[in-house]
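Here's a quick briefing to read alongside the model. Take a look at the structure first, then we'll go through confidence, a hairpin and the salt bridges.

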Amino acid sequence: PLLVSAHDSGCIRLWSIQGNLMKELLPFAGRPSGPLTALCTDIFTKILLTGSKEGYVFRWNMASFLEDSRNIKNAIKEELCWRAHAAEVVDLFIEEEKNVVATASIDGSVRLWHARTGYYFGFFGQARKFDLTDTSRLILPSDVGDFSAIIKEKIKRTEKKKIVYPLMLDRDK
């Protein structure tokens, strides 16, 4: 069992059922997360979604961490970030069978997104039917201007290469 809390500072805290702090996370997607206002997980608690006051949704992969939380190599990885609304996200829901995320905002809109890529499918109340099979069309809601950002793992630094500087001061010249 695990408890997850979202905070005004943008921090996510994971707690054991005994009340011990296990992990603190901050989004590093390069986008302002701001205060977190909503969170949800999939049925198996492998995926964590958080919504922010600025309208962003962050997707975290917790699978390896939950297998062995004491192993430092098993980190929680931020996989995806996208702007879902121009206003605060107040609720999130992940539907695993269709691989869809529903988001709700204080602006009164409810929107559907592809859970793995953040592609926009549409909003509830639109005239056309949702096409959940086509994720190739890159469309956005009218009030959102940025596409989803896939977060790549940190690049491991390689050994420093020794640089030879051929230009040297020659006092005789």
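What pLDDT does the chain average, and what share of the residues score at least 70? This is a predicted model, and its chain averages a pLDDT of 77, with 71% of the residues scoring at least 70.

**Confidence**
- Watch out for residues 155-159, where pLDDT stays under 50.
- For that stretch, residues 155-159, the model has zero contacts beyond four places in sequence.

**The hairpin of strands 8 and 9**
- Strand 8 (residues 89-95) pairs with strand 9 (residues 100-105) in the antiparallel sense, over six bridges.
- Across that pairing, F93 stands opposite A102 in strand 9.
- Four residues sit between the two strands of this hairpin, and N99 takes a positive phi near 60 degrees.

**Salt bridges**
- The structure holds two of them.
- One joins the side chains of R13 and E24, at 2.6 Å from N to O.
- R13 lies in strand 2 (residues 12-16) and E24 in strand 3 (residues 21-25), so this pair ties together parts that are 11 residues apart in sequence.
- R13 is partly exposed, at 22% relative accessible area, and E24 is partly exposed too, at 45%.
- E79 forms a salt bridge with R59, and their closest N and O atoms are 2.7 Å apart.
- That pair links distant parts of the chain, with E79 in strand 7 (residues 77-83) and R59 in strand 6 (residues 56-61), 20 residues apart.
- E79 counts as partly exposed at 25% relative accessibility, whereas R59 counts as buried at 9%.

How values were computed
Residues are numbered from 1 along each chain as its sequence is written. This is a predicted model: local features need pLDDT of at least 70, side-chain atom pairs count only at pLDDT 80 or more; totals for chains, interfaces and linings use all residues. Side-chain values use heavy atoms; hydrogens and water are left out. pLDDT is the predictor's confidence in each residue, from 0 to 100. Contact means heavy atoms within 4.5 Å. Two strands pair if DSSP finds at least two bridges between them. A salt bridge is a side-chain nitrogen of Lys or Arg within 4 Å of a carboxyl oxygen of Asp or Glu. Buried means under 20% relative accessible area, exposed over 50%, partly exposed in between (1.4 Å probe, protein chains only).
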